[in-house]
Amino acid sequence: MSLARKALKKSFQDITADLFPILKAIGNIKRFSILVTLLDGPISFQTLLLQSKLQKTALANHLVQLTSVKLIQKPTYGIYDLTMDGVEYLSALHQTWMQSMNVHQKQLQRIQSRPMSSMFIKKLLHQE
């Protein structure tokens, strides 16, 4: 194991208890959708209720979970907004996703640009 991986492992071992609730909150599709919706800026509970199509109690529970891990905040009564941490987590996820997709796309392009062998072409065309 490389030194960088060892350091990363040690770091994750130290922060797992704090990180897991955040990952759990982000990992729920409804809560993730709420976070994405809040990228537009502060939004009222009523607007979130309409946009999320959740029941009032369900939305309230999701908002409590997101607030408890400090991904969102309630700057004024009935208004919710992303915290700086919330924005940073979403940005990091997006950046990681885009980098991953770029790598996969480049691998696929390399594979697609390889010349096909005549045997493969014959099998593909069912000519044996």
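This report walks through selected features of one predicted protein model.

## Basis of the model

The model is predicted: local features need pLDDT of at least 70, side-chain atom pairs count only at pLDDT 80 or more, and totals for chains, interfaces and linings use all residues. Residues are numbered from 1 along each chain as its sequence is written, and side-chain values use heavy atoms, with hydrogens and water left out.

Helices (H or I, at least four residues) and strands (E, at least two) are DSSP runs, numbered from the N terminus.

## The sheet

Three strands form an open sheet. Their order is S1-S3-S2, and the pairing is antiparallel. S1 and S2 (72–76) are the edge strands, as each pairs on one side only. Two strands pair if DSSP finds at least two bridges between them.

S2 and S3 (residues 79–82) are antiparallel and share three bridges. Thr76 has Ile79 of S3 as its bridge partner. S2 and S3 also form a hairpin, with two residues between them. Gly78 sits in that turn and has a positive phi of about 75 degrees. On the other pairing, S1 and S3 run antiparallel and are joined by two bridges. Here Ser44 stands opposite Ile79 in S3. In a regular strand the side chains alternate between the two faces of the sheet.

Gly41 lies in the loop between helix H2 (29–37) and strand S1 (43–44). Gly41 is buried, with a relative accessible area of 14%. The accessibility classes are buried (under 20% relative accessible area), exposed (over 50%) and partly exposed (in between), with a 1.4 Å probe and protein chains only.

Gly41 touches Tyr80 and Asp81, leaving aside residues up to four places away in sequence. Contact means heavy atoms within 4.5 Å. Leu82 is 41 residues from Gly41 along the chain, yet their C-alpha atoms are separated by 7.4 Å.

## Two buried polar residues

Ser52 belongs to helix H3 (residues 45–52). Its relative accessible area is 19%, so Ser52 counts as buried. A polar atom of the Ser52 side chain lies 2.7 Å from the backbone oxygen of Leu48. Ser52 also touches Lys30 and Leu59, not counting residues up to four places away in sequence.

His62 is found in helix H4. His62 is buried too, at 12% relative accessible area. Its side chain makes a polar contact of 3.1 Å with the side chain of Arg31. A polar contact is a pair of N or O atoms within 3.5 Å; within protein, one must be able to donate a hydrogen and the other to accept it, and residues adjacent in sequence count only if both atoms are side-chain atoms. Beyond four places in sequence, His62 touches Asn28, Lys30, Arg31, Ile34 and Leu54.

## The salt bridge

The structure holds one salt bridge. It joins Asp14 and Lys10, with the closest N and O atoms 2.9 Å apart. The term covers a side-chain nitrogen of Lys or Arg within 4 Å of a carboxyl oxygen of Asp or Glu.

Both Asp14 and Lys10 lie in helix H1 (residues 3–26). They are four residues apart, about one turn of the helix. Lys10 is partly exposed, with a relative accessible area of 47%.

## A nonpolar patch

Phe32, Val36, Leu39 and Leu93 make a nonpolar surface patch of about 320 Å². Patches are made of residues with over 30% relative accessible area and no salt bridge; like charges are joined within 9 Å, and nonpolar side chains (Val, Leu, Ile, Met, Phe, Trp, Tyr) within 5 Å. Accessible areas come from the Shrake-Rupley method with a 1.4 Å probe, and for residues only the protein chains shown count as cover.

Phe32 is found in helix H2. At 31% relative accessibility, Phe32 counts as partly exposed.

## Two lysines with positive phi

Most residues other than glycine have a negative phi. Lys53 has a positive phi of about 60 degrees although it is not a glycine. Lys53 is in the loop between H3 and helix H4 (56–68). Lys53 is exposed, at 73% relative accessible area.

Lys70 also has a positive phi, near 65 degrees. Its place is the loop between H4 and S2. Lys70 counts as exposed, at 55% relative accessibility.
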